[in-house]
Amino acid sequence: MQQVNKLTPFFENLNFERDDNTMVINFGPQHPSAHGQLRLVLELDGEQVVKAYPDIGYLHRGIEKMAENMTYNEFLPTTDRLDYIASTSNNYAYALAVEKLLGIEAPRRAQVIRTMLLELNRIISHLFFIATHALDVGAMSVFLYAFREREFAMDLMEDYCGARLTHSSVRIGGVPLDLPAGWVEKLASFCAKVNHEVEHTYEALLTENRIWKMRLENVGVISAEDALSWGCTGPMLRGSGVKYDIRKEEPYELYSELDFDIPVSDRCDSYGRYRLYMEEMRQSVRILEQLIPMYAKTEPQLMAHAPQYISAPKEEIMTQNYALMQHFVLVTQGMRPPKGEVYVPTESPKGELGFYIKSEGEPYAYRLKCRAPSFFHTGLLQEILVGTYIADVVTIIGTTNIVFGEVDR
Amino acid sequence: MRKYTPKDNVQGKSYYTDRFWVAPRVPRHEVEEGSHFADVVKALGRKAKESYVEIGQLVVHIKASENFNVLKTLKESCGYTQCSEQSAVDYLAKDGEFELFYQLLNISEAKRVRVVCRIKKGEAIESVVPLFKSANFAEREIFDMFGIKVNNHPFLKRILMPDDWEGHPLLKTYPMIGDEFASWYEVDKIFGKEYRDVIGPENRDPARIDRYDTKRFSRVGYEVPFGADISEGEKENPIEYSETVLVDYTKSSKQLDERR
C-alpha cells in the first residue's frame with residue numbers, strides 16, 4: 001500500500017506490469033476529443049478498456065442554484081450557457097416551461113420565428129457534431145467544410161439577435177424582435193446550400209468512405225433496452241431503433257402543423273447515428289422551407305398579451321401610464337407565476353431537454369431542475385466503453401455528442 | 001433594528017411583497033375515468049396516496065419506502081420504461097422534509113408520470129438503479145447536491161463537486177456565493193489551513209479588485225506612483241499629451257526647406 005503525502009503523491013500505475021497488467025490512464029479533462037471538460041479514468045488491459053469511469057464537474061457553475069436566486073426573466077440569458085452549441089434550444093425550453101406554468105401561449109408570428117430558430121440551431125449543432133466527430137476520427141477536411149456552412153448559419157443568427165453563440169433570442173411569452181428585412185430570403189438560400197452540401201460534401205466524403213466505415217461500424221453498440229434504461233434520448237435513442245421524437249409525439253410550438261419525418265436506425269452503432277444526424281439536417285431544412293411561407297401570413301404581434309406577467313410593447317409603455325406601471329413592477333420585482341410544478345420536455349439537438357420548475361408563487365423559482373440529455377449520455381459511457389479498444393473511445397465520445405455546459409450545469 | 005433574515009433559507013427573496021397577495025395555484029385536475037392515467041392509478045392501487053393531473057402529466061404521491069415497488073409496477077405493468085429525470089426539492093425550512101420526484105416516460109403512449117415522495121431529514125431512499133440505469137448518475141447528483149443518502153447504490157460518490165467538498169450546494173441553507181469552506185477551498189488544499197492568515201482574504205480570490213491597490217492596478221485618466229497610499233484620496237494628476245506639430249506640406253516649399 002502506498003503512503004500518500006505531499007512529498008510522495010499517489011502513483012496510479014505503480015503496479016503496472018507486476019500485478020494484473022492493467023494500466024490506469026486519465027483521458028482528459030484537457031483532451032481535444034473529450035468535447036469539453038470530461039475526465040475519463042480508463043483501466044486498460046493492453047489496448048482494451050476494462051473499466052471506464054467518467055468524472056464530471058469540471059465546468060460546474062451551479063446554474064440550478066443561480067436559478068433559485070434570480071427572477072424568471074433574469075435567468076433566461078443564463079440558459080445560453082447550458083448547451084452553448086445551440087443556445088436557442090435552451091432558451092426556448094426554459095421559456096416554454098415558464099409559459100406552461102403561466103398558462104400563456106406565444107402569438108403566431110413568435111411561434112414561427114421560434115420554430116425557425118430552433119431548426120436553424122439544430123442544423124448548427126448537427127454541423128458542429130459532424131465537424132468535430134469527423135475530426136476526432138481523423139477526417140480533417142469535413143471539419144473545414146462543415147464549419148464553413150456553420151458560419152453561414154451563425155451569420156443568420158447574428159443578423160437576427162446580434163450574437164453568434166449566446167443567443168438569448170427567445171423571451172418568456174414570445175420573441176423580442178421581428179425578423180430583419182431580407183432575412184427570410186437569406187434563410188431560403190442557406191437551406192438550399194445545406195441540402196446541397198449534406199449530399200455532395202459530407203455524405204460524399206464520409207458515407208462510403210472505407211476508413212470512416214471501419215472506424216464507426218459496430219462501434220459503440222447500444223441495444224434499445226439499454227438506451228431506454230440509461231435515459232438516452234434524441235439521436236442516441238433513435239439510433240437504437242426506438243422511434244421517439246418529442247416534436248412528433250408530444251408536439252409543441254408549430255410542429256404539429258409541419259410535415260417532416262423522424263429518421264430511425266436499427267443498426268445501434270455509431271455509423272447508424274451518423275446517418276441519422278445527416279438525415280435530421282435534411283428534415284430540418286424541410287421544416288424551414290415550410291416555415292418560410294407561413295411567416296408572411298402572420299400578424300405582426302410578437303409577445304403574448306398577459307399584463308400580469310409580461311411587459312406591454314415598448315410603444316404602449318411609452319404612451320400609456322398603466323402599461324408603464326406594469327412594466328416597472330415586472331422589471332423591479334419580476335413576475336410571480338402561480339404555485340405549482342411543471343416539467344416540460346423539448347427535443348433539443350442532443351435529445352430531451354426538459355425544465356422542471358417548482359414555483360411557490362414567488363418571483364424566484366423555488367427549484368429549477370434542468371434535465372440535460374448529455375448528462376445521461378455521459379453516464380452511459382461507463383458501460384459502453386467497457387470491452388472496446390482505446391482507439392474507439394474517441395469515436396464513442398464523439399458519437400454521444402455531449403456538451404459539457406449541459407452535463408455540469 | 002436590523003432586518004430579520006431567516007437562517008434556514010438564504011436564497012434570493014423579493015424585496016417587496018404585497019401582504020394581501022395570495023398566489024393562485026396551477027389547476028390540478030382529477031384523473032379522468034377510462035383514460036390511460038386512470039389505468040396507471042388503478043395499477044398502483046393503495047400505493048398511490050394522492051393522484052391528480054397537473055399540466056398534462058399525472059402526479060402520484062407515494063410513501064418514500066415504497067419507491068422501488070411503485071417504479072417497478074410502473075415499469076413492468078404500465079410501460080413506463082424510461083426514467084427521464086429524478087431529483088429533490090428542499091423543504092427543510094418549511095416542513096423539515098425533502099421532496100423527491102421521479103419523472104417517468106411511457107414511449108408507446110407518449111405519456112409522462114411524476115412520482116413524488118417525501119423523506120425526513122437524515123432519512124435515506126432506496127436506489128432504483130436495478131430498474132433504471134439512468135438513476136446511477138441522477139442519484140449521485142441528488143446525494144451531491146442535497147446530501148440525501150441512497151441505499152444500495154452501486155457507487156454513491158459526489159459527482160459534480162470535488163470529493164473532499166463540505167456542504168451540499170442546493171440546500172436552501174447554502175448561500176449562493178458559497179460558505180467559509182468554499183471561499184478557502186483552494187488555499188486550504190494547496191497550502192494548508194495554517195496559510196489562511198498568511199494569504200489573507202485579499203489574496204484569496206485572484207479576480208478580486210482593490211481600488212486602493214496601486215501595486216497591481218493602474219488608474220484610467222491619471223497616474224499614481226507605484227505603491228503609493230491613496231486611501232486618503234488621490235492627488236490630481238492630469239495627463240499631458242505631447243503636442244503634435246501639424247505641417248501642411250502642400251502649402252509651400254519654404255516650410256519644407258525650413259524643416260530640412
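## A strand pair in chain A

A:Val24 sits across from A:Glu43, which belongs to strand 2 of chain A. Strand 2 covers residues 39-45 and runs antiparallel to strand 1 of chain A, with six bridges joining the two. Strands here, like helices, are DSSP runs numbered from the N terminus (E, at least two residues, for strands; H or I, at least four, for helices), and two strands pair if DSSP finds at least two bridges between them.

This is a predicted model: local features need pLDDT of at least 70, side-chain atom pairs count only at pLDDT 80 or more, and totals for chains, interfaces and linings use all residues. Residues are numbered from 1 along each chain as its sequence is written, while chains are lettered from A and ligands numbered from 1 in the order in which they are written.

## Chain A as a whole

Chain A has 16 helices and six strands. Its radius of gyration, 23 Å, is close to the 22 Å that the globule rule gives for 409 residues, so chain A is as compact as a globular protein of that length. The radius is taken over C-alpha atoms, and the rule is 2.2 Å times the number of residues to the power 0.38.

In chain A, 50% of the 409 residues count as buried, meaning 20 or more other C-beta atoms within 10 Å of their own, with C-beta atoms placed from the backbone.

## Where chain B comes in

Chain B has eight helices and eight strands. Across the interface, 34 residues of chain B are in contact with 43 of chain A; contact means C-beta atoms, placed from the backbone, within 7 Å. Strand 4 of chain B gives the largest share of chain B's side, six residues.

Technical notes:
A residue is buried if 20 or more other C-beta atoms lie within 10 Å of its own, exposed if 12 or fewer, and partly exposed in between; C-beta atoms are placed from the backbone. Two residues are in contact if their C-beta atoms, placed from the backbone, lie within 7 Å.
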